[in-house]
Amino acid sequence: MISAVTRPSITAAGLILDERGHVLVVTHTYKAPLGLPGGTAHLGELPRAACARELAEELGIRPRIGHLLVIDWAPHPIEGDRLVFVFNAGTLTSHQQAEIRTNPAEISTHTFRAPEHLGQSLTPGYARRVHAAMAARRTGRIAYLEHGRAV
């Protein structure tokens, strides 16, 4: 007997910092609350390519998409099972930040937040994912999470 298998959606996001070490967070027009820039991969699209496409679409910039920082198994009761990939998208200088042109169809706001204030802006699981990504960026070790928690 063959049992049902999960078919998770793939989400890719970029961790972008400013020169102070603050994290770029955005408000997507189609969901709340704040989160990292990124979105769902298209059918057959690689996660790193999806991250690059989403950052270009949402922010109008094309930072170098670096190494994988986090993979998080994040099932959602309404949206279904998701695998979230977070990639290192570098540090933006003030000049590069001035080049950001958000797509108003997708992004209503963007700001840089201090890491210690992320818990006030993000859901608890999302904040854990971002903190894990920041730690992975420092250590070079990819974090595997389930529901935003290291296992």
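These notebook entries record what I looked up in a predicted model.

**Conventions.** I number residues from 1 along each chain as its sequence is written, and side-chain values use heavy atoms, with hydrogens and water left out. As the model is predicted, local features need pLDDT of at least 70 and side-chain atom pairs count only at pLDDT 80 or more, while totals for chains, interfaces and linings use all residues.

**Entry 1: the largest pocket.** I took a pocket as an open set of points on a 1 Å grid over the protein atoms alone, where a 1.4 Å probe fits, with protein on both sides within 12 Å along at least five of seven lines. Its volume, the space filled by probe spheres set on points joined across faces, edges and corners, is about 600 Å³. I found 29 lining residues, a lining residue having an atom within 4 Å of a point. K31, E79, R82, Y126 and R129 lie nearest the centre. By class, the lining has 12 nonpolar, 12 polar and 5 charged residues; Ala, Val, Leu, Ile, Met, Phe, Trp, Tyr, Cys and Pro count as nonpolar, Asp, Glu, Lys and Arg as charged, and the others, Gly among them, as polar.

I then assigned elements as DSSP runs (helices H or I, at least four residues; strands E, at least two), numbered from the N terminus. β1 (9-18), β3 (38-40), β5 (82-92) and α4 (124-139) each supply at least two lining residues, and α4 gives the largest share, 4 residues.

**Entry 2: nonpolar cores.** A core here is a set of buried Ala, Val, Leu, Ile, Met, Phe, Trp, Tyr and Cys residues joined through side-chain atoms within 4.5 Å; buried means under 20% relative accessible area, exposed over 50%, partly exposed in between (1.4 Å probe, protein chains only). In the largest core, of 23 residues, those touching the most other members include V70 and V130. The largest share of this core, 7 residues, again comes from α4. I also noted a second, separate core of 20 residues, which includes A41, A50, I65 and A89.

**Entry 3: helix α4.** Does the span of α4 agree or disagree with its 16 residues? The span agrees, because 1.5 Å a residue gives 22 Å and the end C-alpha atoms are 22 Å apart; the expected span is 1.5 Å times one less than the number of residues. Among the buried residues of α4 are Y126, R129 and V130. Just after α4, G140 takes a positive phi of about 80 degrees.

**Entry 4: H95.** I placed H95 in helix α2 (residues 94-98). H95 is exposed, at a relative accessible area of 56%.
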